[in-house]
Every structure is written in C-alpha cells, then in structure tokens.
Number of protein chains: 2
Amino acid sequence: MRLVFLGTSGSVPTPKRNLPAIAIRRKRELIFLDCGEGTQRQMMGANLGFPKTIRIFLSHLHPDHVWGIPGLIHTLTMQDYQGSLHLYGPPGVENYLKSTMQAVNFHPTFPIELQTIESEGNILTEEEYSIQCTPANHNIPALAYSLTEHQRPGRFDQKKAKRLGIPEGPIRSKLQQGEPVTLPSGKTVKPSEIIGKPRKGRKITYSGDTSPSQKITGLARGSDLLIHEATFDDSMIERAIEDGHSTPSQAATVAKNAKVERLALTHISARYEDPTPLLEQARRIFKNTFIAEDLMQIELKYRE
Amino acid sequence: MRLVFLGTSGSVPTPKRNLPAIAIRRKRELIFLDCGEGTQRQMMGANLGFPKTIRIFLSHLHPDHVWGIPGLIHTLTMQDYQGSLHLYGPPGVENYLKSTMQAVNFHPTFPIELQTIESEGNILTEEEYSIQCTPANHNIPALAYSLTEHQRPGRFDQKKAKRLGIPEGPIRSKLQQGEPVTLPSGKTVKPSEIIGKPRKGRKITYSGDTSPSQKITGLARGSDLLIHEATFDDSMIERAIEDGHSTPSQAATVAKNAKVERLALTHISARYEDPTPLLEQARRIFKNTFIAEDLMQIELKYRE
C-alpha cells in the first residue's frame with residue numbers, strides 16, 4: 001500500500017503545492033482522498049496508473065477539493081478506460097457529478113457508481129480493507145475517512161514446522177486455514193502451535209477540512225498514519241475556528257489523543273512559503289509529525 | 001502585449017504539456033484563449049497577476065478546454081478580487097457557467113459577465129483593440145478568435161520638426177492631433193509634413209480545435225501570429241478529418257494562404273513526446289513556424 005500526496009495546499013494552489021488530493025495505490029485499486037484541480041497531471045509524476053477500480057472519497061464539496069474530477073473522467077474516457085469509478089461524498093455529491101457532466105454535455109464511456117454518505121460508520125467492505133467515516137467539523141457538511149485493513153493471519157513458524165516434521169504441501173495449507181492436522185507419525189498439531197497471533201492491518205485516517213473533532217479522534221484511534229489538516233499556524237487560531245479549520249497544535253492533539261503512529265499535516269495555507277513553524281508547533285505536542293509535500297510518497301509498513 | 005502559452009496539449013495533459021490555455025497580458029487586462037484544467041497553477045510560473053479586467057474566450061465546450069474556469073473563479077474569490085471577469089463562448093457557455101457554479105453551490109463575490117456568441121464578426125471593441133471571431137470546423141460548435149489592435153498614429157519626425165523650428169509643447173500636440181499649426185515665423189505646417197502614415201496594430205489569431213477552414217484563413221489574414229492547432233501529424237490525416245482536427249501541413253497551408261508573419265502549432269497530441277516531426281512537416285509549407293511549449297512567452301513587436 002503506497003500513499004502519495006498529490007496536492008497539499010489549502011484553498012488556492014502555490015508554485016510548490018497543488019490543490020488537495022491524496023492517492024493510495026493498492027493491488028488492483030487506486031483510491032483518492034479528495035481530488036482538487038490538476039490531480040490528473042500531478043499523478044503523472046507518481047507512476048500511479050489507472051487500475052481496474054478507482055475510488056474517490058470526497059471530504060466535502062468545496063471547489064478546491066473537487067475540480068480535478070471532471071478532467072479525470074474525461075481523460076479516462078479518452079484512454080478508453082475499461083474499469084469502474086466509484087465516487088463517495090456527503091449529500092450533494094450526486095448533484096455535483098450530474099451538474100458537472102451536464103455543464104459540458106459529457107457522457108463517460110465507463111460506469112460511475114455514486115454513493116451519497118448520509119451516516120457515519122462503515123461505508124465499504126472489500127476483501128482486504130474497509131472504509132469508515134465520521135462527520136468532520138467544517139462550515140459545510142464534511143467527512144473524515146479511515147481506511148482500515150482487515151487483520152491478517154498470524155505468521156507460520158517455519159522452523160517449528162520443520163522441527164515437528166510437518167511436511168510441505170496440503171497439511172501446511174490446512175493449518176494455515178485454521179484446521180488441526182494429524183501427521184504421518186500419528187501426532188496431532190493444532191494451528192495455534194504453529195501459527196502466531198493474527199496481525200493487525202494498517203490504518204490511515206484523513207481529516208479533510210475540519211476544526212478539531214472528538215469524532216475524528218475516535219475515528220483515527222490507532223492509525224498508522226493520520227493525515228490532518230493544519231491550514232493556519234497556532235497564532236491564527238481564531239481565524240481557524242471561524243473558518244472550520246485547524247492549527248498544528250490542534251492537529252497534534254488529535255494525533256496524541258488518538259494514539260496514532262505518525263501525523264502528516266496538510267492543507268497548508270498559501271501564506272506559508274516555509275511551513276517549518278507549523279511543524280515545530282505540532283512537534284511540541286506530537287513528535288512524530290511531518291509536513292506533507294506534493295509528490296511525497298509513503299510506503300506504509302506493517303506493525304508487528 | 002505579452003503572450004504566454006499556458007497549456008499546449010490536446011485532450012489529455014502530459015508531463016510537459018498542460019491542457020489548452022493561452023494568456024495575453026495587456027496593460028490593465030488579462031485575456032485567456034481557452035482555460036483548461038490547471039490554468040491557474042500554470043499562471044504562477046508566468047507572473048501574469050490578476051488585473052482589473054479578465055476576459056476568457058472559449059473556443060468550444062469540450063472538457064479539456066474549460067475545466068480551469070471554476071478553480072480560477074474560486075481563487076479570485078478567495079483573493080477578494082475587485083475586478084470583473086468576462087466569459088465569451090459558443091452557445092452553451094451560459095449553461096456551462098451556471099451548472100458549474102451550481103455543482104458546488106458557489107457564489108463568486110465579483111461580477112461575471114457572460115456573452116454567448118451567436119454570429120461571426122466583431123464581438124468586442126475596446127480602446128486599443130477589437131476581437132473578431134468566426135466558426136471553426138470542429139465536431140461541436142466551435143469558434144476561432146482574432147485580437148486586432150487599432151491602427152496607431154504615424155511616427156512624429158523629431159529631426160524634421162527641429163529643422164523646421166517647431167517648438168516643443170502645445171504646437172507639437174496640435175500636430176499630433178491632426179491639426180495644422182502656424183509657427184512664430186508665420187509658416188504653416190500640415191500634420192502630414194511631420195507625421196508619418198498611420199501604423200498597423202498587431203494581430204493574433206487563435207484557431208481553437210478545427211479542421212482547416214477557409215473562414216479561419218480569412219480571419220487570420222495578415223496576423224502577426226497565427227496559433228493553429230496541429231493535433232495529429234501528417235500521416236494521421238484521416239483521423240484528423242474524422243475528429244475535426246488539423247495536421248501540421250494543413251495548419252501551415254492556412255498560415256501561408258492567410259499571409260501571416262508567424263505560425264505557432266499547439267494542441268499537440270500526447271502521443272508526440274518529441275514534436276520535431278510535426279515542426280518539419282509544417283516548415284516545408286510555411287517556414288516561420290514553431291511549436292508552442294508550455295510557459296513559452298512571446299513579446300509581440302510592432303511591424304513598421
């Protein structure tokens with residue numbers, strides 16, 4: 001699972017930061033968290049491709065977060081895309097897509113599946129992961145999302161298997177599927193003797209645009225990576241409250257309370273050419289923080 | 001008058017070419033010819049600013065030519081823009097703007113003036129220039145545009161003025177305004193004795209997406225710069241005809257017949273990483289051709 005920050009600015013782009021978008025590349029899937037204008041071009045630097053399934057999760061329908069979608073749909077059509085695109089967002093997302101296609105009288109040649117998210121909780125369960133969401137605390141309806149991988153089976157202890165004389169082949173497969181086996185020697189082996197405890201899947205949480213929120217703290221709990229907006233620096237907390245945004249200290253407090261592994265600050269206002277002060281403000285509260293930069297790639301490791 | 005190519009690709013962007021847009025910066029105005037996705041970010045490299053009047057002329061309403069507009073409007077609003085934006089395009093442009101703003105329930109804080117262009121000819125006359133258009137030959141309603149500067153007064157012959165003993169000040173101003181003057185010596189001087197013939201203004205023509213067209217040849221006549229699309233190379237002429245596009249030889253023939261000064265080829269298909277063959281094909285017919293590249297700047301000189 002590879003994550004690429006495609007756009008890390010807030011509201012308006014800068015020479016260094018494009019409008020908000022994050023891509024997560026999994027085996028046969030590409031998942032977007034927001035899709036600001038220019039996302040398809042940013043993708044070119046990240047070698048992401050267009051796999052069979054593309055999912056776009058929109059945090060909210062403010063212009064800076066959504067205007068990369070029509071161009072992406074156009075490009076997929078031009079390239080005769082044979083997969084399917086799934087678009088998820090808060091109420092209004094259906095009107096967004098319809099109005100956008102109607103604006104240019106455009107008819108994509110592949111299916112677009114639309115899901116309006118009306119309530120919090122689990123919204124998608126796939127073979128290897130699920131997606132959860134919760135309302136964010138912005139000035140229009142907005143959502144925060146988590147991608148949570150299912151737990152994986154425990155490790156198969158190769159050395160012990162050899163010691164116990166468990167032959168390779170169907171007997172090992174049975175154990176891996178959780179069934180006890182009887183060896184040629186007559187000895188019975190239970191899966192728990194040879195297979196470790198189930199291992200935790202990885203978890204990523206994205207706040208979208210929001211003031212600090214208990215619900216997001218809850219959603220983010222135990223994440224390997226929390227991507228939280230920090231539009232304004234600590235000195236602008238009043239403006240942040242007024243506009244439904246967060247400061248670095250606030251984002252770091254969410255990260256600390258949610259006991260996440262790492263915190264990425266994004267949606268950086270164009271006024272900060274050098275975001276170092278924002279990083280310092282956050283690190284005072286949560287050390288394992290970094291500033292998301294355009295085209296920065298994160299390879300998420302499993303934690304044992 | 002400074003012209004900047006902001007996007008020179010056709011249909012889909014490439015790492016080197018963004019979607020179609022050309023900016024022309026005049027004293028207090030910024031004029032766009034098309035406005036593809038990502039235009040506002042491309043602008044950042046070109047030091048164009050947001051002057052009091054912004055005009056966007058859309059050649060047609062295909063997705064690759066228009067999806068930079070909503071983001072531009074959003075950014076202008078965020079920056080508390082105090083000027084006005086004028087949007088011109090073929091029938092459908094009103095629906096485009098309305099649907100787009102409706103899609104995100106967005107209300108810009110500055111006036112947007114809309115002009116649907118229903119017929120060819122002169123569509124705008126300003127103090128120093130006018131805009132003409134003619135239908136292009138594409139697969140949906142499309143327009144080509146010319147910007148033509150009004151002719152300027154002839155040159156004031158400083159040397160001759162000195163020789164004739166014409167003092168600086170109001171007497172010279174009178175001559176420049178076309179009135180004869182009587183010198184202190186009693187001699188009468190006519191403006192034509194001291195001021196040269198009116199000088200031609202500069203002219204730029206933009207084809208938009210089109211197959212070769214007699215009307216565009218007519219519109220482009222005598223242009224200092226013709227910007228003509230050349231989506232496909234000469235070997236793909238059948239595809240060009242089918243899709244309403246042009247080849248380099250066709251664009252060069254229009255340039256030759258219209259007796260323009262220079263030809264820029266743009267809307268280059270993403271399949272041509274190296275556009276040199278397209279340039280060679282055009283130069284066989286019209287020597288003064290170049291390939292437009294993103295962020296290339298052209299300072300248009302007056303021809304005497």
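Across the interface of chain A and chain B no salt bridges are found, a salt bridge being a side-chain nitrogen of Lys or Arg within 4 Å of a carboxyl oxygen of Asp or Glu. This is a predicted model, in which local features need pLDDT of at least 70 and side-chain atom pairs count only at pLDDT 80 or more, while totals for chains, interfaces and linings use all residues. Residues are numbered from 1 along each chain as its sequence is written, chains are lettered from A in the order in which they are written, and side-chain values use heavy atoms, with hydrogens and water left out.

The two chains do touch: 36 residues of chain A are in contact with 36 residues of chain B, where contact means heavy atoms within 4.5 Å. The area buried between chain A and chain B is about 2,800 Å², and carbon and sulfur atoms give 59% of that area; buried area is the accessible area (1.4 Å probe) that two parts lose on being put together, summed over both. Glu37(A), Arg41(A) and Trp67(A) supply 25% of the area that chain A buries against chain B, more than any other three residues.

Turning to the backbone, Asp34(A) has a positive phi of about 65° although it is not a glycine, and Asp34(A) is buried, with a relative accessible area of 0%. Asn47(A) also is not a glycine and has a positive phi, of about 50°, but Asn47(A) is exposed at 67% relative accessibility. Here buried means under 20% relative accessible area and exposed over 50%, with partly exposed in between (1.4 Å probe, protein chains only).
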